[in-house]
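Please work through each task before reading its solution.

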Amino acid sequence: MVTAAVPHPPVPWVVVTDYPRWPSPYFTQFERAVGGRMELRFQPGLDGLEAQAPGVLNLHRLKRLYRDAGGTADPVLAAELVRRLYGLRRQGWRIVWTVHNLYPIDVPQTSEADLAVVSGLLAVADTVLCHTRADAAHVRGLPGVGGRVAVCGWAGLPAPAAPTLPPGPARLAAAMADSRAFLLAGNISAYKDVPGVIEAFLRAEVADGQLYVVGPCRDQELEAAVTDLARRSDRVHRWAGRVDPGHVRHLHDAAAVAVCNYRTDGGQRFFTQAIHPSSVGTAVVCGVPLVAPALSSIREMTQGHPAYLHESPADLPASLALAAAHPDTRWGRPEPDETGPWEAIAEAHLLVAGTGGSGPAHRVGASGVGAPDPGTQGGDHLRGESEDHGTI
């Protein structure tokens, strides 16, 4: 746990997000962890910043900022976004990008506008904060990076556990606790290839296993495919309701194995380079053995944790079978740290706010500030003056 005092920054920290109008477990936890130590503000876009006293402009997910009314990436809006960022920096704003994913995660292919925005932001940003060392190493190697790249650490649980569950989720958790439950939870989206997971599970040698696919799906075609596959077997169970953040811990406590799947082809090919997989973080923090693709950031996050990682989708059934053979840990898991990792992420942002262009970059892990980041040297020091944010 961090004990060093961080001075209150003399400038505002403006996070560009639709929160709190659009619920965000990430920003709820971030705001709680920051407390009163930062002049924290949220606003949905850049409007009005040119007329304000400069501070720190913190970008997270970018897609919404250069989409047209129909949701299509617009090269004109992308160029305008980058132009405004340069203008704000000339006015004295420090620009910080907290990377969740390099590019939009829910599109069939990365567009030229997506590439242009990321390239422009990497060039103009004073600091790029990544959640893992693996992501930071990749970002540092990208062309045109103009500022410092540092690591803020990762967290899992989207909220402290609710004292009790309401009847529906309570029945779900009870059913899971009574079976060898494999849990795939969160937003059911195409980039998780849930139909592929179900098919792999039914092929795998997990005779006593039950797969629970839990969470809402906004894609009607995808939901139809998932529901159809679930109906074909009494070993697959579909719960399509929204998962309240306070219920996530309870569901993981009832799960024998967490399934954290991500595609790595098409529009999600960049996951092989950088990804902040919250589902993996949640499983690790809760002490749940997990199945996931063998991506660099996932390897880092699961060090010392029971994880069955597969190199390709063809290997997923074997990973599921190995996880099924893992001893059941549900009645012997340590109490998870529900706040420490989030405090570490907040602390990393506070360090950026208070560094003011001097001092070594710091590496922040899941439990606090570590040693100076060995990947940050010389010109990587800070420059400048002293969606849709659910789980992935």
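**Exercise 1. Determine the strand in which valine 14 lies, whether valine 14 is buried or exposed, and which residues it touches.**

Step 1. Valine 14 belongs to strand E1 (residues 13–16); strands (E, at least two residues) and helices (H or I, at least four) are DSSP runs numbered from the N terminus. The model is predicted: local features need pLDDT of at least 70 and side-chain atom pairs count only at pLDDT 80 or more, whereas totals for chains, interfaces and linings use all residues. Residues are numbered from 1 along each chain as its sequence is written, and side-chain values use heavy atoms, with hydrogens and water left out.

Step 2. The relative accessible area of valine 14 is 0%, so valine 14 is buried (under 20% relative accessible area; exposed is over 50%, partly exposed in between; 1.4 Å probe, protein chains only).

Step 3. Residues up to four places away in sequence are not counted; valine 14 then touches Arg41, Gln43, Leu49, Val56, Leu57, Asn58 and Trp93, contact being heavy atoms within 4.5 Å.

Step 4. Between the C-alpha atoms of valine 14 and proline 44, which are 30 residues apart along the chain, the separation is 10.0 Å.

**Exercise 2. Identify which members of the largest nonpolar core touch the most other members.**

Step 1. A nonpolar core is a set of buried Ala, Val, Leu, Ile, Met, Phe, Trp, Tyr and Cys residues joined through side-chain atoms within 4.5 Å.

Step 2. The largest such core has 69 residues, and Trp97 and Leu102 touch the most other members. Helix H3 (residues 112–124) gives the most to this core, namely six residues.

Step 3. A second, separate core holds 27 residues, including Phe182, Val194, Tyr308 and Ala324.
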